[in-house]
Amino acid sequence: MREYTASLKREAERLLSEGRVKTVIAFGPGIDPLAPIPAFAEDKDEASDLLVNAFSAPGLAKYVLDEVGGVEKPEHSVAVLARGCDSLGIARLIADKRVQRQSVVILGVHCDGVIDRGKLLALNPAFSRTKNIKSVAIGEDEVFVEAELADRSAVSLRGRPEDLLLDKCLKCLERDPVVFDIMLEPEAGTMLGRETGPTPVGDRGGVDQGEKEKSLRARRSLVAETEALSSESRYEFWARQFERCIRCYACRNVCPACSCRKCAFDVPDPEWVSKCTWLSEQFMFHFLRAFHVAGRCVGCGECERACPMGLPLSLLNDKLMKDVEEMFGIEDPHVPKESEPLGFYSPDDPEPWAKEVSEG
Amino acid sequence: MKRIGVFVCWCGFNISGTIDVKAVASALADHPGVVVAKDYKYMCSEPGQAMIKEAIAEHRLSGVVVAACSPSMHETTFREAAQAAGLNPYMLEIANIREHASWVHPDDKIAATRKAIDLVKSLVEKVKRNEALEPIHVPMTKRALVIGGGIAGMQAALDLADGGTEVVLVERDSHIGGHMAQLSETFPTLDCASCILTPRTAEVGRHPLIKLHAYSEVAEVSGYVGNFTVKVRKKRTYVDWDKCIGCMDCMAKCPKKIPSQFERGLGIRKAIGVAFPQAIPYRPVIDRDACTYFKTGKCRICERVCSVGAIDFDQEERVIEEKVGAIIVATGYDLAPKAKFGEYGYGKIKDVVDGLEFERLNSSSGPTEGVIKRPSDGKIPREVVFIQCVGSRDVDKGNSYCSKICCMYTAKHAMLYKHKVPDGQAYVFYMDIRAGGKGYEEFVQRAVEQDGVLYLRGRVSKVYEDDGKVIVRGQDTLSGENIEIAADMVVLATAIEPQRDSRNLAQILKIGTDQYGFFNEAHPKLRPVESMTRGVFLAGCAQAPKDIPETVAQASGAASKVDVLFSKDDLVVEPLIASVDEAICSGCMWCEPICPYHAIEPKTIEERVGKKSVARRVASVNAGLCQGCGACSVACRDGAMNLKGYTNQQIMAEVEALCL
Ligand SMILES: Cc1cc2nc3c(=O)[nH]c(=O)nc-3n(C[C@H](O)[C@H](O)[C@H](O)COP(=O)(O)OP(=O)(O)OC[C@H]3O[C@@H](n4cnc5c(N)ncnc54)[C@H](O)[C@@H]3O)c2cc1C
Ligand code: SF4
Ligand code: SF4
Ligand code: SF4
Ligand code: SF4
């Protein structure tokens, strides 16, 4: 990720001092430099602490709902930093009428991917003592990280993207925001810590259809693999996954397509899914979650990133996304649209499932 | 405490032949909440119903399950019985153990009995969660819209208006009467069409309860049964009809002559004027495409001669709004277009005409004043060939249906021709004769026997012009002989087709059409004058080809359906409709486009959050429009949308009773 912190601060300060927004949502330093946390700036001081860097893992879309969601005329607006995946989520909330477009100022940035702290520490545990990130370069085939440790010594690592980036970034569908108000400018000519780091291995900037195709292919081949399994092995595969779920609901809480005031899983009567974790209830929970986002999932991968048990939730989402694409002929099914394939009545609905059933 | 009664019906042997009804009753007697379980030979009989009523009183039942046949058979019977015994009718449910158990498992009595027990148990669990529901009353506008002013529309309008209902009649043409105004005489009595039609048109014209919008079209319809809002587009006539006194000086003085559509191109009319002398309303229209002034910017003679200054070249189209509670669609038919029948020379050979053209040639007020002359040279034809089923019963031309009236009017045409030209010869090519109707068969026989019309069974293969004659080649399938007739004139009984824009109107009205474009009735046998949309009724050829008597009967039927609707104080709708739990609803409006009946709209509610009041969007269901299909409730992710009588809680209870 190129260096956007300076222009982020500048815009945040301007928007706040002009009274245009009440809050700016971006990142701030956490306890661990490798894990910046979502931050909410309400004045100039707080804005000066905002940042965004290659370790900013959490998606920010869902926070917009908390800040201005649900009401017809919110008293104030918010500004939010948005990478491609964040912007998809925000677009989702807007399409679902949970957030009004005019009450959010979207500060777009281009994103080349975010480093997976866990993967990094697994490769070199020394990074856990990081005091300062000195330099990061994310290229097409190589990622480089260099940090200053607590004892002032330096440590660096060079590796393949698949070994260092978040899984969701390896399947990224949009590197640039699909909706934004202001596109932040990267610091002229600088990549984070360029002066000390290696020459970046190629700038991944700009809308890159090739990248998207690659991501789509990656997603599709995983789906195709599971589709190819016999139904018994497929059942076993999913049973193995669902068994591990601890029903923490992190996947739901983080999902921009899960924005209901009262989630069906929290309704006591009727009890759609019981709180027990019997396998049948686990299946029920996961089917419900997947079907509730079918045709609306934006492929942001946040659910999978948030899951503490590492369930392959994107695989399930991607399967449904592929079905929607094929059955309804929807292009870019991950991008929220005016009218959604599963969201209207039409007497000539393709109903491919009905056909399948009747044709056996 | 829930106190449920279960009543198991034997349905004679229908159920008890397969299912052990005693076992069902005793299994249910032990089910939690069931305080009485009985069986009886025929629950729907008087004693059976009495048994239920008594039990309701005796055991103070809070709910009832009748295990019997399909709810579509006797749900109403039993619910009325429950109501008579003081129980809210919606506290009674039917467990269908006939169609769903005994009839489908005749060979496995044990399994069928087990299934019946499960079905009844699931309904008991459902009924425990039933709520008392009351029918919903929706106010209505007791005013009707009739679209189309042919004989169908006029009949319906007059019936309604005579009964005291206000009617808005919208006619696209400049006059009412429809196709009947073009007919000369009518089968089977051969009385003159205008003699029976003009008293009607005049009555419509002067009826105080009929508001006629001629030269107008329905542009938009919103709302629902009892409460439609209709936008009527009043097309530009370029004459102020309120000022106009109907002197027709303008028509007399207009220098521009054009072929008359009413005369099907066989006569002429002026660029301004009325289509025929008895036209109602008797008010002129300027044909913009023909008018010299609109073409060249010069003329305006009509404006000069009009003594009341009614001509208005700058007239604007107007859209007016009418509120009505019911709509009758009577837009009639069109004849199959000429272009379709090149092989019969139609459209190429002048002396090949269609049925309506023949009507005009035979009409005393027509272009030939009733003398049958052929169009090419005005000679009286000596040999006339009539061809039936042109474009009907013909898959290649797209119409596999029978146009129903052509057999009859062809016999009429041949007869009328023979009456006027007794020494001429009339031939009729036919596939078979369909003359079902009072006095119809006799009518056709008269044509053959008294008037000597020659009927030839077979299809015509070719029609071409040769030396002033129209040569008709065909085969007589009875004798197997090839026939060639050198005729002076050929009359084609072309297919009756829907109005070309019927699908468009269907969309405006949200009603269905068949594959051809005729409007669909709600049920072919039991609901022939209703459409699938409540409050929209059908009459005349717009629904299917038919003759005048049948058209009039259907129109009167539609009118009385409207009367039945309006006979109530307000609209009573079943309470089995969707309802929104506003506390849960996220206002995502996912349900809105899913509703096939456009019954869902967003609404804003004010809510107190802490000390402040905030506005929040939620879905709201229009009780008049909702048909209770349940699509929305399935689509709603958080379960805010629930279908009364089939709530998520009820369905889940049923499922759990069946599965756990
Ligand atoms: C050649 C021929 C001879 C016939 N002879 C006989 C006979 O002898 N005896 C007999 O019983 N029947 C006869 N018929 C049948 C008879 O014409 C029909 O039964 C009758 O006209 C049907 O009436 P209708 O009102 O349904 O339709 P139509 O007469 O077609 O009237 C429909 C009216 O609706 C208007 N309209 C259409 N669309 C719209 C719109 N969108 N908005 C507003 N207005 C609209 C039209 O302008 C028209 O005025 C004959 C038919 C033909 C073709
Ligand atoms: S289901 Fe997962 S990938 Fe899809 S929108 Fe929700 S969080 Fe993103
Ligand atoms: S985040 Fe993972 S563990 Fe938690 S509920 Fe979702 S799938 Fe289960
Ligand atoms: S009823 Fe359900 S689907 Fe409809 S707006 Fe409310 S939450 Fe959305
Ligand atoms: S039940 Fe059917 S008709 Fe009624 S509001 Fe829901 S979708 Fe519309």
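Biologist: What makes the space around B:Cys585 and B:Cys588 a cavity?

Modeller: On a 1 Å grid over the protein atoms alone, a cavity is a set of points where a 1.4 Å probe fits but cannot get out. This one, the second largest cavity, has 17 lining residues (each with an atom within 4 Å of a point). B:Cys585, B:Cys588, B:Cys591, B:Cys636 and B:Asp638 lie nearest its centre.

Biologist: What are we looking at, and how do the labels work?

Modeller: This is a predicted model, where local features need pLDDT of at least 70, side-chain atom pairs count only at pLDDT 80 or more, and totals for chains, interfaces and linings use all residues; side-chain values use heavy atoms, with hydrogens and water left out. Residues are numbered from 1 along each chain as its sequence is written, while chains are lettered from A and ligands numbered from 1 in the order in which they are written.

Biologist: How do you know the volume of that second largest cavity?

Modeller: Grid points are joined across faces, edges and corners, and the volume is the space filled by probe spheres set on them. That gives about 130 Å³ for the second largest cavity. Its lining splits into 13 nonpolar, two polar and two charged residues.

Biologist: Which residues line the largest cavity?

Modeller: There are 17, with A:Cys85, A:Lys168, A:Cys169, A:Cys172 and A:Glu174 nearest the centre. The largest cavity holds about 160 Å³, and the whole structure has eleven cavities of 30 Å³ or more. Helix H4 (84-95) and helix H7 (167-170) of chain A each give at least two lining residues; H4(A) gives the most, three.

Biologist: Why is the second largest pocket called a pocket, not a cavity?

Modeller: A pocket is an open set with protein on both sides within 12 Å along at least five of seven lines, so what sets it apart from a cavity is that it is open. The second largest pocket has about 1,600 Å³ of space. It is lined by 50 residues, and the closest to its centre are A:Phe291, A:His292, A:Ala294, A:Leu342 and B:Val634. Helices of both chains supply it, including H11 of chain A and helix H19 (648-659) of chain B. H13(A) has the largest share, with eight residues. By class, the lining has 35 nonpolar, seven polar and eight charged residues.

Biologist: What makes a residue part of the shell around ligand 3?

Modeller: One of its heavy atoms has to lie within 4 Å of the ligand. For ligand 3, 14 residues qualify, and A:Cys245, A:Cys248, A:Tyr249, A:Cys251 and A:Cys307 are the closest. Twelve of the shell residues are nonpolar, one is polar and one charged. Ligand 5 has 15 residues around it, the closest being B:Cys595, B:Cys626, B:Cys629, B:Gly630 and B:Cys632. Its shell has twelve nonpolar, three polar and no charged residues.

Biologist: Why is the pair B:Phe187 and B:Tyr440 called edge-to-face?

Modeller: Rings of Phe, Tyr and Trp (its six-membered ring) pair if their centres lie within 6.5 Å; planes under 30 degrees apart are stacked, over 60 edge-to-face, and the rest tilted. The whole structure has 19 aromatic pairs over all chains. B:Phe187 and B:Tyr440 are 5.6 Å centre to centre with 85 degrees between the planes, so they pass as a pair and fall in the edge-to-face class. B:Phe187 is in the loop between strands S8 (185-186) and S9 (191-192) of chain B and B:Tyr440 in helix H14 (residues 440-449) of chain B, so the pair ties together parts that are 253 residues apart in sequence.

Biologist: How do you know that S6 and S7 of chain A are paired?

Modeller: Pairing takes at least two bridges found by DSSP. Strand S6 (residues 143-149) and S7 of chain A have six, in the antiparallel sense, so they qualify. One of the bridges joins A:Ala147 to A:Val155 in S7(A). Together with S5, they form an open antiparallel sheet of three strands, in the order S5-S6-S7. Strands S5 (130-138) and S7 (154-159) stand at the edges, each with a single partner, so one side of each has no neighbour in the sheet.

Notes:
Helix = DSSP H or I, 4+ residues; strand = E, 2+ residues; numbered from the N terminus. Nonpolar A, V, L, I, M, F, W, Y, C, P; charged D, E, K, R; others polar.
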